[in-house]
Amino acid sequence: MREVAARYLPESIARRPKFGFVAPSSAALLQQRVEWVEDYLSYDRIRNAGYFNADTVERLKAAYRQPGFVLNTTFDTDLLMIVLSFELFRDCFAMPRL
């Protein structure tokens, strides 16, 4: 695979060591004010669904938005990504509110 890649890519890319891919954390998405993330994690949506404590989600959102806040997704659990993923799952599969 590397030999084929070397034909089409710069050597610095084709020969670099393998490394893991880590998607952006929910903190990065919140700090960038990504609209769909804001919608899925909105207070009203979380409260109306009834699966998570909306006040706790709001506290986490406030902490994650603090300047300089970085979530180390290798070692820290991204709690808001769990909520966000669940809300996406709930939306895709038309899960009921509690």
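This is a predicted model: local features need pLDDT of at least 70, side-chain atom pairs count only at pLDDT 80 or more; totals for chains, interfaces and linings use all residues.
**Ser 25.** Start by selecting Ser 25, in the loop that runs between helix H2 (11-14) and helix H3 (26-31). Its relative accessibility is 9%, so Ser 25 counts as buried, the cut-off being under 20%. Now show what surrounds it. Apart from neighbours within four places in sequence, Ser 25 contacts Leu 71, Thr 73, Asp 78 and Met 81.

**The core.** Next, select Leu 30, Val 37, Leu 41, Tyr 64 and Leu 84. These have the most contacts inside the largest nonpolar core, a set of 15 residues. At least two residues of this core come from each of H3, helix H4 (35-40), helix H6 (54-64) and helix H7 (79-92). In soluble globular proteins, nonpolar side chains tend to be buried together. Centre the view on Leu 84: leaving aside neighbours within four places in sequence, Leu 84 is in contact with Leu 29, Trp 36, Val 37, Tyr 40 and Leu 41.

**Helix H7.** Colour its buried residues, Leu 80, Val 83, Leu 84, Glu 87 and Arg 90. Look down the axis: they lie on the same side of H7, because the arc they cover is only 125 degrees. What do the buried residues of H7 pack against? Their partners are H3, H4, helix H5 (43-49) and H6.

Methods
Residues are numbered from 1 along each chain as its sequence is written. Side-chain values use heavy atoms; hydrogens and water are left out. Helices (H or I, at least four residues) and strands (E, at least two) are DSSP runs, numbered from the N terminus. Buried means under 20% relative accessible area, exposed over 50%, partly exposed in between (1.4 Å probe, protein chains only). Contact means heavy atoms within 4.5 Å. A nonpolar core is a set of buried Ala, Val, Leu, Ile, Met, Phe, Trp, Tyr and Cys residues joined through side-chain atoms within 4.5 Å. The arc is that of the directions from the helix axis to the C-beta atoms.
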